[in-house]
Amino acid sequence: RAASGAIGTGDLAVRSLGALRFECRASRLIFAGPERVNLDAVERSTAAVLDVDAVVIAPGRSGLEVYVVGGRRPTPADVLAALPDPLRDLVDGVATASGSLVDGAGLIGPTGKVRRWRVQEHWRGQLGPVPAPAVAA
């Protein structure tokens, strides 16, 4: 185990009550300003706030790409508002899609986890620009 908490497998573990607790894959951590952000946790909480099936955050060409999949299609402004403050400035594009991840397109791996790279590949053409922040009058 490295001093950073990363295990040789690429997982990140933290000490909890005298034991190691799996946190996430080390590759799912990013720094947004001075904060360390766990993208897995952000995806789960954002999906709950937006009431959609899934939110996928993936690195893009010049920032983060956010993909939202579910029965309802929130606006890009709603998606940005549901993200934590430190991530909003890093988002380069937002795509929303109706439907489900269980569609035979290989979006779900054999372990039941979302294949972020497949979601990105599948819906990248639907990425739209990030709306400009509202300016108070």
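Which residues does Gln-120 touch, not counting residues up to four places away in sequence? Gln-120 touches Ala-58, Pro-59, Gly-60, Glu-65 and Tyr-67, where contact means heavy atoms within 4.5 Å. The model is a predicted one, in which local features need pLDDT of at least 70 and side-chain atom pairs count only at pLDDT 80 or more, while totals for chains, interfaces and linings use all residues. Residues are numbered from 1 along each chain as its sequence is written, and side-chain values use heavy atoms, with hydrogens and water left out.

Gln-120 has its place in helix H4, which covers residues 116-123; helices (H or I, at least four residues) and strands (E, at least two) are DSSP runs, numbered from the N terminus. Gln-120 is buried, with a relative accessible area of 11%. The term buried stands for under 20% relative accessible area, exposed for over 50%, and partly exposed for values in between (1.4 Å probe, protein chains only). In H4, Arg-118, Val-119, Gln-120 and Trp-123 are buried, and the buried residues of this helix pack against E5, E6 and E7.

The pairing of E5 with strand E6 (residues 64-70) is antiparallel and runs over six bridges. The two strands form a hairpin with four residues between them. Within this pairing, Ala-58 has Glu-65 in E6 as its bridge partner, and Val-56 has Tyr-67 in E6. Ala-58, Glu-65 and Tyr-67 are also among the residues that Gln-120 touches. On the other pairing, E6 and E7 run in the parallel sense over seven bridges, and Val-69 has Ala-97 in E7 as its bridge partner.

How many of the residues of E6 are buried? Seven of its seven residues are buried. In a regular strand the side chains alternate between the two faces of the sheet. Both faces of E6 are covered, with Leu-64, Val-66, Val-68 and Gly-70 buried on one side and Glu-65, Tyr-67 and Val-69 buried on the other.

A search of the whole structure finds five salt bridges, a salt bridge being a side-chain nitrogen of Lys or Arg within 4 Å of a carboxyl oxygen of Asp or Glu. One of them joins Asp-40 and Arg-116, whose closest N and O atoms are 2.8 Å apart. Asp-40 lies in helix H1 and Arg-116 in helix H4, so the pair ties together parts that are 76 residues apart in sequence. Asp-40 is buried, with a relative accessible area of 15%, whereas Arg-116 counts as partly exposed at 24% relative accessibility.

Arg-116 also meets Glu-43 in a salt bridge (2.7 Å, N to O). Because Glu-43 lies in helix H1 and Arg-116 in helix H4, this pair ties together parts that are 73 residues apart in sequence. Glu-43 counts as buried at 7% relative accessibility.

Arg-118 and Glu-121 are three residues apart in helix H4, so about one helical turn separates them. Arg-118 counts as buried at 17% relative accessibility, whereas Glu-121 is exposed, with a relative accessible area of 53%. Salt bridges that share partners join Asp-40, Glu-43 and Arg-116 into one network.

Conventions
Pairing = 2+ DSSP bridges.
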